[in-house]
Amino acid sequence: MRRIAKFYKVSREQFFEGWMDTFPGTGQTEIEKIYEKISLPRRATAGSAGYDFFSPVDFKLDPGETIKIPTGIRAQMEPDWVLKIYPRSGLGFKYRLQLNNTVGIIDSDYFNSDNEGHIFIKITNDSKEGKTLCVKEGTGFAQGIFLEYGITVDDDATAVRNGGMGSTTGK
C-alpha cells in the first residue's frame, strides 16, 4: 500500500474564520474548545478504504435539513491523487444522508489554497421515512478515499490554485 497523504488540522485562525462563517454568534472560548477536540481522520480497520471524518460537535438533522460542517481538517497529498468525500455508508443507507455536491473532490493543490485547504462537508438528511439523524461529537459522519487519477495526453493546464471551493473555474 502506497503512503501518499497526511492529514493536518488547519490553523486556529482559519478554523475560527470557517466556524464563524457557518455558525455566527459562537463565542471564541467555545470555538477554542471545539478546535482542541478535533480528531484527524483515520481508518477503522486495516482493510478499510475510507478515512472517517469525525464530527467536531453534536448535531441533529430532521428530514430535509442541511448542515455545513467546518471539519478543521486539511489533506496534503502527492500530485496526481485526489481525496473523494462521501457520507458514511451506514448513514447513507439508514437516513439517505447525502453530500450536497454528491461527492466532495479535494484536489492535491487545495492544501495550499488561501483557506489552508480547510475541508467543509455539507450534508442533507434526505430521509423519506421521517427519520431524524443525531450525530454525537467525535462520531464518524463522512469518509474520504484517496484515489490516483490520470490526465489526457494533450492536457496543458498550468494555472495555480489561489482560493477555496469553486476557485478553479475562473468565475
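## Helix pair, sheet and salt bridges

Let's start with a link between two charged side chains: Arg-12 and Glu-32 form a salt bridge, and their closest N and O atoms are 2.7 Å apart. (A salt bridge here is a side-chain nitrogen of Lys or Arg within 4 Å of a carboxyl oxygen of Asp or Glu.) Arg-12 sits in helix 1 and Glu-32 in helix 2, so this pair ties together parts that are 20 residues apart in sequence. Keep in mind that this is a predicted model, where local features need pLDDT of at least 70 and side-chain atom pairs count only at pLDDT 80 or more, while totals for chains, interfaces and linings use all residues. Residues are numbered from 1 along each chain as its sequence is written, and side-chain values use heavy atoms, with hydrogens and water left out.

**The helix pair**

- Helix 1 (residues 12-22) and helix 2 (residues 28-37) pack at an angle of about 115°, with axes 10 Å apart. (Helices are DSSP runs of H or I with at least four residues, strands are E runs of at least two, and both are numbered from the N terminus; axes are lines fitted to C-alpha atoms, for helices over the stretch in contact, and angles run from 0 to 180 degrees between N-to-C directions.)
- The contact (heavy atoms within 4.5 Å) includes Phe-15, Phe-16 and Trp-19 of helix 1, and Ile-31, Ile-34 and Tyr-35 of helix 2.
- Arg-12 is partly exposed at 34% relative accessibility, and Glu-32 is partly exposed at 32%. (Buried means under 20% relative accessible area, exposed over 50%, and partly exposed in between, with a 1.4 Å probe and protein chains only.)

- An open sheet is built from 4 strands in the order 2-11-6-8, with antiparallel pairing. (Two strands pair if DSSP finds at least two bridges between them.)
- Strand 2 (51-54) and strand 8 (104-107) are the edge strands, each pairing on one side only.
- From one strand to the next, the twist averages 30°.
- Strand 6 (residues 81-87) pairs with strand 8 over 4 bridges, and Val-82 has Asp-107 of strand 8 as its bridge partner.

**Other salt bridges**

- The count of salt bridges comes to 10.
- Glu-78 and Arg-2 meet in one of them, at 3.1 Å from N to O.
- Arg-88 forms a salt bridge with Asp-52, the closest N and O atoms being 3.4 Å apart.
- That pair links Arg-88, in the loop between strand 6 and helix 3 (89-95), to Asp-52 in strand 2, 36 residues apart.
- Arg-88 is partly exposed at 29%, whereas Asp-52 counts as buried at 10%.
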